Amino acid sequence: MATYPTSDQLLVVIDPVARRTDGESVRIAKDVLSAGAAVKVCLPDGPEEFARALARRGSRRPVVVGDDRTLVRAVALLHRHRELAGCALSMVPVGTGLGLARSLGVPTGAVAAARAVLDGSARRRDLLVDDSDGVVLGAVRIPPLRGAPAEEAEPPHDPSRPWLRTCQSLVRTLVPARPARLAPSAGSGPSRLRIEVDGTTLVDLHQPVAGVSVWPGASGVAEIEVRPVSVGAEASPVLAEGRTVTVSGADFRYRADASVSGPVRRRTWTVREGAWSLTLPPPR
């Protein structure tokens, strides 16, 4: 039986969604990894078992098999337990939501990704951490506000004809309710937000914005792009960079990597330089 150094002992944690959606790619990845390293495979059925598997990895290098959410979950767990700095993660992307993995440089084919786990090297990457201890690997995006459903108008009541109100109530009972209509001003609309970078206001509440994007840049700073609302010609985006970004104002939702959070009225993201490591293919 082949023996491997500690660095080639892998803990392969396979997300249940990956097993259901593309079992063939999962099988191929296991075969390639098992041919080049000592592999222990874990098949968690849910988030709690996934967390326990990572916590009990010992000296084995963790390899997650799944989609973008799987990778973000692993990074978030290691960050929460303050073990992220000393643990190099590897990933074999399997599933449908793989945009983040692709943008980070992970091959999206099962064979190529598994070989990168075996032959690649760990690269340190910056991380965005928010004030609720959430992590962002790729980007934060704040879209325009959306309108709320408007209530159907109640027909006016005529006190001189109580029988009419009774008939109206009966009709509303028998006829299926129509979907709630959007208010005339609903749909995508501008947000009024204050965006501060390193304590300095970049955009204030008086300037409506069509969207905000924040992502880790280079050398421990975040890149910020604010798209202001314009009348007539399209306005140029407002660009900035800094170590902390605070967004506040009316309730807003935001997309961080593969999930949507909120509504919140204030959120601060801080760049952690070189906070985590991801195994990537060797440079060509």
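Trainee: Is glycine 97 buried, partly exposed or exposed?
Mentor: Buried means under 20% relative accessible area, exposed means over 50%, and partly exposed lies in between (1.4 Å probe, protein chains only). Glycine 97 has a relative accessible area of 30%, so glycine 97 counts as partly exposed.

Trainee: What kind of model is this?
Mentor: Residues are numbered from 1 along each chain as its sequence is written, and side-chain values use heavy atoms, with hydrogens and water left out. Local features need pLDDT of at least 70, side-chain atom pairs count only at pLDDT 80 or more, and totals for chains, interfaces and linings use all residues; the model is predicted.

Trainee: How many helices and strands are there in the protein?
Mentor: Both are DSSP runs numbered from the N terminus: helices are H or I with at least four residues, and strands are E with at least two. By that rule, the protein has seven helices and 18 strands.

Trainee: Where is glycine 97, and which residues does glycine 97 touch?
Mentor: Glycine 97 sits in the loop between β4 and α5 (99-104). Glycine 97 and aspartate 68 are 29 residues apart in sequence, yet their C-alpha atoms are 5.9 Å apart in space. A contact is a pair of heavy atoms within 4.5 Å. Not counting residues up to four places away in sequence, glycine 97 touches Asp67 and Asp68.

Trainee: What share of the contacts with a separation of 6 or more is between residues 24 or more positions apart?
Mentor: The count is taken over the protein, for contacts with a separation of 6 or more. Residues 24 or more positions apart account for a share of 67%.

Trainee: What percentage of the residues in the protein is buried?
Mentor: The protein has 284 residues. Over the protein, the buried share is 38%.

Trainee: How many disulfides does the structure hold?
Mentor: A disulfide needs a pair of cysteine sulfur atoms within 2.5 Å. The number of disulfides in the structure is zero.

Trainee: Which side chain is joined to that of serine 277 by a polar contact?
Mentor: Serine 277 is in strand β18 and is buried, with a relative accessible area of 4%. Beyond four places in sequence, serine 277 touches several residues, including Cys87, Ala88 and Leu89. The polar contact, at 2.9 Å, is with the side chain of arginine 124.

Trainee: Which element gives the largest share of the lining of the largest cavity?
Mentor: On a 1 Å grid over the protein atoms alone, a cavity is a set of points where a 1.4 Å probe fits but cannot get out, and lining residues have an atom within 4 Å of a point. Grid points are joined across faces, edges and corners, and a volume is the space filled by probe spheres set on the points. The structure holds one cavity of 30 Å³ or more, and the volume of the largest cavity is about 30 Å³. The largest share of its lining, three residues, comes from α6.

Trainee: Where is proline 263, and which residue is joined to proline 263 by a cis peptide bond?
Mentor: Most peptide bonds are trans. Proline 263 is in strand β18. The cis bond, with omega about 5°, joins proline 263 to glycine 262.

Trainee: Which loop holds arginine 82, and is arginine 82 buried or exposed?
Mentor: Most residues other than glycine have a negative phi. Arginine 82 has a positive phi, near 55°. Its place is the loop between α4 and β4, and with a relative accessible area of 57%, arginine 82 is exposed.

Definitions and conventions. 1 Å grid on protein atoms, 1.4 Å probe; cavity = no way out; pocket = protein on both sides within 12 Å on 5 of 7 lines; lining within 4 Å. Polar contact = N/O pair within 3.5 Å; in protein donor to acceptor, adjacent residues only side chain to side chain.
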